[in-house]
Amino acid sequence: MANLFLKFRDLIFKKKQLKRKYEIPGGTICKAIVAFCGLLVSIFAFFISFVPPSNLPESSHHAYLAILIISYLFVLVLPFILYVIFNHHKGQYVDESDTPKHFKAEDIVKSVPPIARGEFHIVPNDDKDNFNTKKVKK
């Protein structure tokens with residue numbers, strides 16, 4: 001969560017020219033104060049979570065901290081594990097010589113709403129002869 005406020009700070013100071021749908025009133029100073037307060041609250045919430053609750057028995061403090069640390073590490077490592085498992089494009093990069101081609105009416109999937117359809121299809125150089133060719137029924 002703290003990363004969100006750090007990136008917001010970067011947007012405030014480094015990319016002022018970007019058009020935004022919503023602006024925090026008060027100018028750059030007010031935005032910086034909001035980002036700084038959000039960062040401080042996030043850091044405080046992170047560290048205060050390691051203080052065991054007062055109604056927890058003294059014997060359970062170590063279990064509480066162990067569960068909290070293990071959960072934190074799991075959430076931290078999980079995206080990397082999922083990336084390794086589901087990375088179907090290992091070693092495959094888009095060739096710069098591949099060219100985008102417009103979809104033709106017969107190539108689109110009719111069940112996909114028009115707003116969700118892409119306009120182009122990247123055609124690898126070796127498949128250009130096979131793309132948009134009609135199949136002849138025998």
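# Briefing: helix packing and aromatic pairs

The axes of helix H1 (residues 2–14) and helix H2 come within 8 Å and cross at roughly 165 degrees. Because angles over 145 degrees count as roughly antiparallel, H1 is roughly antiparallel to H2. The model described here is predicted. Its chain has three helices and two strands, and from the N terminus on these elements run α-α-α-β-β.

**The pair of helices H1 and H2**

- The crossing of H1 and H2 is left-handed.
- On the side of H1, the contact is made by Ala2, Phe5, Leu6, Phe8, Ile12 and Phe13.
- On the side of H2, the contact is made by Thr28, Lys31, Ala32, Ala35, Gly38, Leu39 and Ser42.

**Serine 42**

- Serine 42 lies in helix H2, which spans residues 27–48, and is among the residues of H2 that make the contact with H1.
- The relative accessibility of serine 42 is 16%; buried means under 20%, so serine 42 counts as buried.
- The side chain of serine 42 reaches the backbone oxygen of glycine 38 at a distance of 2.9 Å.
- Glycine 38 is likewise listed among the residues of H2 in the contact with H1.

**Aromatic pairs**

- A pair of aromatic rings is described by two quantities, the distance of the centres and the angle of the planes.
- Ring centres must lie within 6.5 Å to pair, and by this rule the count comes to three aromatic pairs.
- One of these pairs joins phenylalanine 46 and phenylalanine 47, with 5.2 Å from centre to centre and 75 degrees between the planes. An angle over 60 degrees counts as edge-to-face, and this pair is accordingly edge-to-face.
- Phenylalanine 46 also forms an edge-to-face pair with phenylalanine 50, at 5.2 Å centre to centre and with 75 degrees between the planes.
- Phe46, Phe47, Phe50 and Tyr72 form one aromatic cluster.

**Accessibility of the phenylalanines in the cluster**

- Phenylalanine 46 has a relative accessible area of 32% and is partly exposed.
- Phenylalanine 47 has a relative accessibility of 53%; since exposed means over 50%, phenylalanine 47 counts as exposed.
- Phenylalanine 50 is partly exposed, with a relative accessible area of 24%.

**The chain as a whole**

- The chain has 138 residues, of which 8% count as buried.
- Among contacts in the chain between residues at least 6 apart in sequence, 35% join residues at least 24 apart.

Terms used:
Residues numbered from 1 in each chain as written. Predicted model: local features only at pLDDT ≥ 70, side-chain atom pairs only at ≥ 80, totals over all residues. Heavy atoms only, no water. Phe/Tyr/Trp six-rings, centres within 6.5 Å; stacked < 30°, edge-to-face > 60°. Buried < 20%, exposed > 50% of the residue type's maximum accessible area, 1.4 Å probe, protein only. Helix = DSSP H or I, 4+ residues; strand = E, 2+ residues; numbered from the N terminus. Polar contact = N/O pair within 3.5 Å; in protein donor to acceptor, adjacent residues only side chain to side chain. Axes fitted to C-alpha atoms, helices over the stretch in contact; angles between N-to-C directions. Parallel < 35°, antiparallel > 145°, perpendicular 65-115°, else oblique. Left-handed = near helix turned anticlockwise from the far one by under 90°. Contact = heavy atoms within 4.5 Å.
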